[in-house]
Amino acid sequence: MSKADNIVRAIWRRLDKSERWQALDDVWSQLPDRLFLKTFVRVWVDSEGNDLHRPLIDSLIDEYDIHARRVMPLLAKADQEFYRELPERVQIYRGTSMETPYDDYSWTTDREQAVWFANRVPNGTPALAEGSVHKDDILFATKSRGESEIAVQTEVVDNLQIKSIGPKRDNPMAALFFMVHQHPVFHKEMFEGFAETLLISGLDRYAAEARIYSDLNELADFGFKSAVEMRRRSILEVDWDMVQKNADARKSLLDGLR
């Protein structure tokens with residue numbers, strides 16, 4: 001397996017969803033075009049926060065001149081057929097909110113699907129946006145996850161219209177969820193859980209800490225500088241006394257179940 005393949009494998013196996021766009025930006029120059037483009041699409045489809053990384057996504061689109069003619073031959077046959085059958089002028093829809101209608105670039109050819117997404121908006125006023133786009137201006141099209149997604153930058157969508165389809169919503173818990181998953185404490189808690197598992201397995205604190213830093217050094221060797229910097233800062237905040245206490249309690253519980 002080549003280094004490039006191992007880098008992409010690490011993106012999926014060793015990084016969180018929230019880290020993957022920045023990771024791809026860190027390592028794109030090490031990936032051959034075909035592998036980068038396929039990974040770009042997969043990160044896009046798998047991400048739950050493309051809106052948080054839109055400037056970065058724009059820079060990757062510009063750097064690699066991403067468009068459907070380059071991307072579609074690399075995707076699954078179902079995706080290629082979906083794109084092939086699109087008309088030259090494609091009518092597209094987007095389930096969104098009135099407050100931030102175009103915060104990312106995911107659209108669909110399925111109006112009912114767009115309405116479904118609009119009705120899942122946790123905060124804001126559910127809205128349906130629609131417009132049309134020339135087939136050649138699409139970034140890629142995919143049927144993954146059973147959807148009919150059209151990835152396209154808003155600036156090339158014509159005849160934009162938007163209308164409210166429901167009352168405004170306010171869900172503080174949804175806002176808290178996104179805040180937690182963007183905050184370094186998420187990584188701190190992740191490391192504390194990993195450290196606890198290592199202690200239960202029989203390692204002492206220093207061996208567990210060495211194992212964590214060894215994993216970080218491997219990620220650094222791949223070129224994931226942003227994730228490594230964030231994780232190194234988070235490790236410094238780990239409460240090892242609490243981790244040891246929790247590990248001892250769990251180990252006693254497990255011993256009692258044997």
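**Cavity and rings**

The residues lining the largest cavity divide into three nonpolar, one polar and two charged. Keep in mind that this is a predicted model. The lining residues are Trp44, Asn50, Arg54, Ile57, Asp104 and Tyr105. How much space lies in the largest cavity? About 30 Å³. A search of the whole structure for cavities of 30 Å³ or more finds one.

Next, the aromatic rings. The count comes to nine aromatic pairs. One of them is Phe36 with Tyr64, a stacked pair at 3.8 Å centre to centre, with 15 degrees between the planes. Phe36 belongs to helix α3 (residues 33-46) and Tyr64 to helix α4 (residues 54-64), so this pair ties together parts that are 28 residues apart in sequence. Are these two residues buried or exposed? Both Phe36 and Tyr64 are buried.

Phe40 and Trp44 also pair. Their ring centres are 5.9 Å apart and their planes stand at 50 degrees, so this pair is tilted. Both residues lie in helix α3, four residues apart, which is about one turn of the helix. Phe40 has 1% relative accessibility and therefore counts as buried. Trp44, with a relative accessible area of 3%, is buried too. Trp44 is also among the residues that line the largest cavity.

Ring pairs join Trp21, Trp28, Phe36, Phe40, Trp44, Tyr64 and Phe140 into a cluster.

Last, charges over rings. Arg42 lies over the face of Trp12, 3.8 Å from the ring centre. Lys135 lies over the face of Tyr83, at 4.8 Å from the ring centre.

Notes. Residues numbered from 1 in each chain as written. Predicted model: local features only at pLDDT ≥ 70, side-chain atom pairs only at ≥ 80, totals over all residues. Heavy atoms only, no water. 1 Å grid on protein atoms, 1.4 Å probe; cavity = no way out; pocket = protein on both sides within 12 Å on 5 of 7 lines; lining within 4 Å. Points joined across faces, edges and corners; volume = space filled by probe spheres on them. Nonpolar A, V, L, I, M, F, W, Y, C, P; charged D, E, K, R; others polar. Phe/Tyr/Trp six-rings, centres within 6.5 Å; stacked < 30°, edge-to-face > 60°. Helix = DSSP H or I, 4+ residues; strand = E, 2+ residues; numbered from the N terminus. Buried < 20%, exposed > 50% of the residue type's maximum accessible area, 1.4 Å probe, protein only. Lys NZ or Arg CZ within 6 Å of the ring centre and 35° of its normal.
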